[in-house]
Amino acid sequence: MFNKEVENYFVFSGWKRNRLFLTISISLLLAVTVFFLGKPSPEQQARKIKRLYPASEQRKFKTLSTVLFNVKNNYLDPEKIRPVKMFSFALENLEKTTPEIITNKKDNKFTLGIKELEHPFDLDKINTILDLYKNLLKAFNIITLKLPDIDLKQLEYNAIGGILSTLDPHTSLLSPDIYREIKTGTRGSFNGIGIVLTKKDGFLTIISAIDETPAARAGIQTGDRIVKINSISVVNICLNEAVNLLRGKPDTWVTLWISRDNQPDLKRFRLKRTIIHVSSVNSKVINEKTGYVRITQFTNTTARELKNHINMLKKHQVETIILDLYNNPGGLLKEAKKSADLFLDNGVIFSTVSNNQQPENIQKALPENTIWQKRLIVLINKGSASAAEILAGSLRYNNRALIVGEKSFGKGSIQTVNENEDGSALKMTIAHYLSAGKHVIQSRGVNPHIVVRIIDVKNKNSPLFSTKSTKVIKYEDKQNLQKFPPEARPWSFIKVVNQQISISPLNETNSTPNSLIKVLVEFSNKVQVKFNDRDKVVSWFEKYNQRALTTLFSLLGKNGIDWSVDTNKGKPIFDSSIRFESGMSVEAGKKLKGKVVLRNLGTAPFFRMRLLIKKNKTSNFSEILIGKLFPGEKKEIPFSYYVDISSPATIWPFKIKYLAEKTGTIFLNKTSSFNIRILPAPKPEFKVHYHLMDNLGGNGDGLCQYGEKLRFRLMVTNKGDGSGENTIINIIKDFKEKINFSKARFVFGRLLPGETRIQDLSFVVPADFPNNFLKFTVQIRDEISGRETSFRMVVPVHNLQSSPLTTNGYFEVKKKALIYNGMDKKSVGLGIARRGSIFLIRGIRGKWIKILLSPERTAFILRSSGKVNTIIDDSLLKPHWEPIYQIISPKIDIIRELPLLTSRNKVKINALISHPLHLKDIVVERVDGQGKYKKIAFIDGKQKKRIRIEQIIQLNPGKNLVGITARVSNELGNSWNQYIIFKKQK
């Protein structure tokens with residue numbers, strides 16, 4: 001049953017065999033008590049077992065058991081707690097994160113494969129959380145026996161991540177580092193780039209970029225979807241894993257690749273992490289009648305700050321306040337409740353509904369807290385979430401304010417955060433908010449009274465007339481949809497034409513359009529009735545809408561586009577053609593260019609003609625306005641779309657829609673489709689030679705020792721077929737002790753194929769350094785292609801010993817010999833000295849000769865490999881040696897090209913993997929268009945230098961990303977991937 005080495009919540013290491021049965025019996029008894037009676041709590045169980053068995057102090061997998069009990073007892077929707085699904089997802093997540101693991105599920109049988117050995121699990125026997133726990137312990141036991149060096153804590157975290165992913169996007173395990181950052185976030189500052197994220201439709205979606213942060217200054221927008229962080233694809237990645245990639249120390253850099261609505265190309269943002277200081281509330285007086293207040297997010301001082309700003313505006317005797325919640329991601333609920341109470345003198349602010357499906361925790365407004373009873377306009381958009389939606393919803397559904405903007409994000413679930421003993425924390429959904437005690441927010445959001453669409457004529461990527469289809473959001477709690485009333489519908493819809501109007505915004509990165517604020521100021525000045533007078537409010541905005549359309553058509557005319565419509569006799573006849581400059585294929589890193597040729601062969605004009613171009617299936621349509629196309633007229637419309645340089649081989653299903661009107665009605669609606677072949681760009685490949693020297697402040701024996709100042713030289717060569725366009729070296733410390741490098745980041749810039757660059761850095765090892773090893777990671781990456789080589793340095797720290805005796809002469813190599821970094825056979829090999837090479841001698845100690853490789857660079861060679869001559873004749877010197885590149889990525893050669901488009905559901909991949917020294921392992925995997933991951937094969941390298949693989953890959957309908965990853969160590973590897981589109985024949 002349980003292996004005694006597997007320490008867990010119930011079974012502790014060190015117990016004797018004759019106590020094993022007793023342990024399991026007690027564990028089962030306690031588990032049954034918890035499941036059916038609800039008591040004692042997991043913490044009480046732990047304390048009781050610890051008292052009974054005081055020798056068992058160290059417990060593995062305690063976090064897993066604590067998480068499972070909390071989910072069982074407190075999760076919002078008990079129907080989602082499905083032990084079989086949780087078990088499958090837990091092990092499938094281990095499969096994704098551990099190369100050696102392969103899982104397979106067929107019917108109710110689940111197989112865990114490790115290094116070609118398979119271990120079956122019967123899913124029919126996993127009926128309860130306890131069954132889930134026991135089977136996971138069994139799986140952990142198998143894994144740790146087969147992979148003794150695996151990180152047990154990370155193994156546990158990865159399994160928990162898979163379990164929690166079956167519940168909802170907001171329930172997750174926070175690592176200790178992330179939890180510490182979150183605890184500081186509500187206190188007004190934290191480290192990062194200033195974005196608030198969620199998981200939506202499988203994508204990391206930005207709720208908002210916080211004002212005055214690197215993300216806001218760079219132009220990151222609400223609704224942007226992060227596709228890649230640095231070189232790592234994050235589609236369908238766990239939210240916690242993404243946060244780990246984004247976070248880092250101030251003054252370090254991170255690169256985001258973002259997909260944005262209405263823009264056909266991915267956008268690249270390179271952002272510098274910093275300390276984010278959050279100012280919660282700002283305000284200003286716009287004119288004698290209108291004041292403006294912005295809440296950026298809800299911190300523990302928001303309500304107090306908001307009260308002070310309102311009192312300041314009251315002194316200026318304003319009649320209307322515009323409360324701006326644009327891109328407010330939420331924050332502390334109690335502050336949103338207090339803020340609502342400043343405007344409401346009665347009514348329910350919010351209530352909650354938990355797994356009993358009954359409204360509870362009803363929070364009402366108190367008249368003594370109200371300080372503003374005059375007119376109020378609230379601005380919201382799709383970036384307004386959580387606590388911001390509580391505030392906006394309470395004001396809308398209590399008829400206290402006019403809500404203007406866009407439908408809010410729809411984040412209305414309540415999470416508790418429970419800290420675990422290891423410093424991690426479980427963030428879990430336990431309830432939903434009901435705005436004003438009635439309306440569900442989660443997945444629905446808050447509808448504004450007046451829906452606003454911002455029209456920007458100067459922004460070519462902003463569609464002026466195209467409308468985006470609304471996707472149906474899967475609601476997380478169907479019972480709430482049935483029980484509670486739907487959200488209120490908007491009153492009216494307006495278009496606001498952005499004309500770059502300035503009204504002295506509060507800050508340069510405030511994302512609220514100034515044109516919209518100007519419209520609301522005009523509205524509040526001219527409409528003297530209460531804002532809940534629907535007919536008069538709608539009448540004013542409808543009249544404004546007509547003015548806005550007139551303005552829009554005028555601006556289009558100034559840009560050479562006639563958008564008017566006439567009545568003409570005759571019939572327009574449409575003809576078109578398209579030319580691609582590079583044919584039907586384009587290399588990644590270049591642009592797909594071409595021209596669309598339009599002709600009217602008829603006797604009447606086309607009106608309001610426009611093109612919608614979609615470069616591939618996952619991109620959005622981009623809109624090109626033509627206007628009028630007269631009889632006999634011909635127009636050529638050029639287009640250009642950049643292909644991401646890191647794109648693997650794939651097919652772009654390129655599509656063009658032609659739309660036009662005749663006399664105010666749609667007359668033309670035609671589509672042309674093309675398959676464009678994307679060819680992978682030649683990429684850089686880095687190989688590295690490194691040399692650790694103690695010639696700056698050491699004893700000269702080439703070894704790292706306490707109290708020495710060391711020089712670390714890196715020689716980087718691009719052995720690939722493509723250039724490294726922006727090659728950067730990062731040194732990432734792997735210890736808490738204060739050892740500082742002279743510089744931790746170097747920019748090589750462009751590194752051509754075959755080109756070599758050298759970089760030195762230095763550091764001091766303190767005399768009281770507490771460890772026996774110095775650990776750090778060297779990362780070499782091209783920021784443009786995303787190509788990266790990382791390796792972990794583990795340098796032994798020796799006790800100081802006598803230095804080599806300085807002497808002169810030269811050393812003649814009599815046989816092929818290895819050149820060492822230091823006077824120790826276990827030190828790193830630097831290169832090979834050929835027979836007949838002659839080096840200057842710089843010192844001798846015992847069997848070691850210290851030789852001069854080049855000016856200011858020395859190394860060591862064994863005395864037995866040659867001859868010492870104390871007579872120096874510089875004309876005889878032949879310091880010829882060949883450096884060893886200690887870090888080389890494995891090579892992946894595809895022997896037979898795979899199809900990009902196929903009607904068969906299987907393909908055969910044939911590849912040769914090689915490395916000069918040895919291969920650790922190879923993984924073949926596939927991800928389909930729905931994000932479903934499948935590991936096809938794991939091949940143990942067995943220290944071989946060459947391995948040929950042949951694997952049959954099952955394809956799912958649509959797009960399949962097929963990949964090979966080869967490793968020579970845990971840190972150093974290489975990958976190849978390609979998209980294959982499987983399309984069944986009709």
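I worked on a predicted model, where local features need pLDDT of at least 70, side-chain atom pairs count only at pLDDT 80 or more, and totals for chains, interfaces and linings use all residues. Residues are numbered from 1 along each chain as its sequence is written, and side-chain values use heavy atoms, with hydrogens and water left out.

Entry on Ser524. I found Ser524 in helix H14, residues 514-526 (helices are DSSP runs of H or I with at least four residues, strands runs of E with at least two, numbered from the N terminus). Ser524 counts as buried because its relative accessibility is 2% (buried is under 20%, exposed over 50%, partly exposed in between, with a 1.4 Å probe and protein chains only). Leaving out residues up to four places away in sequence, Ser524 touches Thr290, Thr320, Arg375, Ile377 and Phe531 (contact means heavy atoms within 4.5 Å).

Entry on Ile656. I placed Ile656 in strand S31, residues 650-661, and its relative accessible area of 0% is why Ile656 is buried. Ser673 is 17 residues away from Ile656 in sequence, with the two C-alpha atoms 6.5 Å apart.

Entry on Lys719. I located Lys719 in the loop between strand S34 (709-718) and strand S35 (724-733), and at 33% relative accessibility Lys719 counts as partly exposed. From Lys719 to Thr756 I noted 37 residues in sequence and 9.2 Å in space, C-alpha to C-alpha.

Entry on the patch. I looked up a patch of positive charge on the surface, where Lys617, Lys655, Lys983 and Lys986 gather (patch residues have over 30% relative accessible area and no salt bridge, with like charges joined within 9 Å and nonpolar side chains (Val, Leu, Ile, Met, Phe, Trp, Tyr) within 5 Å; a salt bridge is a side-chain nitrogen of Lys or Arg within 4 Å of a carboxyl oxygen of Asp or Glu).

Notes
Accessible areas come from the Shrake-Rupley method with a 1.4 Å probe; for residues, only the protein chains shown count as cover. Lys and Arg count as positive and Asp and Glu as negative; His and the chain ends are not counted. The place of a charge is taken as NZ of Lys, CZ of Arg, CG of Asp or CD of Glu.
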